[in-house]
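Dear colleague,

I am passing a structure on to you, and below it I have set down what was found. Please read the notes with the structure open beside them.

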Amino acid sequence: MAALWFWIVAVMLAAYVVLDGFDLGVGILFPFVARTEDERQQAIRAIGPVWDGNEVWLLAAGGTLFFAFPLLYASSFSGFYMPLMIVLWLLILRGLAIELRSHFADPLWRSFFDGLLFFASTLLAIFFGAALANVVRGVPIGPDNYFYLPLWTNWRTGPNPGILDWYTVIGGVMALLALSLHGALYLVLKTEGDLQLRARAAAGRLWPFVAIATVLAIPATVLARPDSLHNYHDHPVAFLSPIGVAISLVSVVIALRKRSELGAFVSSCVYLIAMLCGAAAGLYPVLLPSTNPAMPSITIASAISGAYTLRVGLVWWAIGTMLAIMYFCIVYWLFRGKVSQHADTYGH
Amino acid sequence: MDALTLHRIHFAFTITYHYLFPQLTMGLALLIVVLKTMALRTQDERYNDSARFWARIFAVNFLLGVVTGIPMEFQFGTNWSEFSRRTGGVIGQPLAMEGVFSFFLESSFLGLFLFGEKRLSRFAHWGAAVLVFVGSWISGFFIIVTDAWMQHPVAYRLLPNGVYEVTSFWGLMMNPWAWLQYAHNMCGAVVTASFVMSSVGALYILQKRDSGFGRIFLRVGVIAGVLSCVAQIFPTGDLHGKYMAKNQPIAIAGMEGLFHSEKGAPIVLMGQPDIEGQKIDNPIAVNKVLSFLIYGTTAAEVNGLDAYPKDQWPSTLPLLFYSYHIMAGLGTYFAALMSIAGFLLWRGKLYTARWVLWPILLSFPLPYIANTAGWMTAEIGRQPWLVYGLIRTSEGYSKHVGAGTSLFSLLGFLGMYTVLSILWVMLVYNIIEKGPHSTTELAAGQTLTNA
């Protein structure tokens, strides 16, 4: 039961990364691929009706983490206090930027919010990547199960790390590249015209960087936390994730060549999921590794809620998630097809 | 200031600011359903235009509610980690349910409601409005269940590692405190929405523009206002107060400023609490009314603060006293104003009665103050407990997050929310200025607030 909740939270976070990932990617890329006001509107319209729903996965995952693993929620959220506050402010700015740019026709007003959207999306992608890298690397957990991380210390992993060190910076850059590619592929799928052509070109140019970063990330992770390999040793089935990463990354390129827009986007989704699975498989059953050898890590067993809570939770979670998936199907179905250059209706 | 105080102000400020938006959107969601229903029944297109106009105001407020709401879900962990660790197994449940059952529903169908009118049948579009309404009211319910458990913990047990666990899911959901508070709170949300709608209606009529719409807004707003203002006092406020007197008598004594136990206790309408002297200065009081309100008989004895040890008194007593009196005083004014307006509406004289239209126009900020003061009454009355009788507020905050850090992020939120307030004024002013007629104009960008 406890392991099931680990995977439930992991799946919800993966859903967030895949769904809100393309909103963020569009936010990062659109100043480069959308040159005219019409094209910028087209890019915004491609995420306009769905970004809020996508972001809900983060909230739902946060809430689920809260009730299934209260200790992890308490310890990590207070320990990562400052970067989390920055993420919250960036999420506020991102939402405002998407929604407010079109309220006034003044070009300066729009340029300001375009800049804001780029700024917030870029930093959010970097922060999310760095956050995941922090969780993989581990934190200096104290005797009371709490910790407090400064923004940086000596830029090294080890017993006294900061939120930013060489490894988490790699994580941040990795996420920035991967989500940019993801956003580019989403634009290829959802738009047409010059915007689509430029998004396709951007995806082609981004792909080699994503590939290099992916290849680098594996030895970096082993260096940052050698224990990551344990599960791969004991359960070779875990190697399915790196294999999935490799296959999906290659299939992105093949699909791009074959002009299979949906294929390329789906491959990118699989790539993100496989990367997250790989990280989760390396951690399991640890939730937050301790970099202090004298202190135990926070594990599923030490953080899990009571049995009754989890049993009841499973019932409503299953019902609620089924409903949520149904809503998403309705919304994405109604929003199917290309966002044209001068659309004024919902979907096509 | 010490870390505890700063963490408290941090949460108090962010939640107070956040709730300025949901109180309008929850109430407005209901009124939009009313307008859509009228449109279906009467086939009068002006009701659809009205619904579209209010949907635009709804969307802006919904957006600000969303972006200020995200920090709330995270602040339990960032600023109140020890509280989260101990109670996550209980209150994490309704909070997660809010995300799963409400936010997905709201976010999905709001988009459909705002953009889908041309693609959906009239009935299906009405359905989308209903689902947005249901989603926002579910959201309110789960938040109140969370708060109600902190006010009046039920269906829990303490595990050996100091963590609380639910013993009965339905016990948690059926907490009587939650249902009483929910009724009172949702009524308050409808009061806010009714005043805002009536106020815009009064504005249009006084400005002699769009007076057809002004009349619709006034009619719907005033009727909803009469119903909600009366229900706010009786039965919801009355029942909630009586239940509170039974379960948090110290809070009631603090709210009413009753320092000494008395038979036939008076109700203090106004005055200044003097904690040193344990009395109310310059009181205007009505004898025996408090006993009657709580126990239904003028002779009953009401426990004053002196009946309880001082370390259980609400820690900021004057603030509790004042916020309760502001809430109750404004609530009385609302009922009076709306009754007069309702009477004139019935007599067919409301639209020309400038002496009533002006107060209606100017009163729209007051429900925001009353709702805020009501929440302050509830949450300050709970002090010094974080979870009533179980965890003290001083035990719950994040010990590893220092005072300076908390102050820094508090200042960050203050600055950020100042910008949001300015944007809110610009956007809402813009929508009201354009008026309900511009609904046919196509929006340039297709996002939630730009339908």
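In chain B, strand S4 (residues 267-274) and strand S5 (residues 279-286) pair in the antiparallel sense over 6 bridges, where strands are DSSP runs of E with at least two residues, helices are runs of H or I with at least four, both numbered from the N terminus, and two strands pair if DSSP finds at least two bridges between them. Within this pairing, Val268(B) has Ala285(B) of S5(B) as its bridge partner. The hairpin of S4(B) and S5(B) has 4 residues between the strands, and there Gln278(B) takes a positive phi near 50 degrees.

This is a predicted model, in which local features need pLDDT of at least 70 and side-chain atom pairs count only at pLDDT 80 or more, while totals for chains, interfaces and linings use all residues. Residues are numbered from 1 along each chain as its sequence is written, chains are lettered from A and ligands numbered from 1 in the order in which they are written, and side-chain values use heavy atoms, with hydrogens and water left out.

Turning to the interface, 74 residues from chain A and 70 residues from chain B take part in the contact, which means heavy atoms within 4.5 Å. Chain A and chain B bury about 6500 Å² between them, 73% of it on carbon and sulfur atoms; buried area is the accessible area (1.4 Å probe) that two parts lose on being put together, summed over both. Several elements of chain A give two or more residues to the side that touches chain B, among them helix H2 (37-47) and helix H13 (307-334), and H13(A) supplies the largest share, 16 residues.

Best wishes
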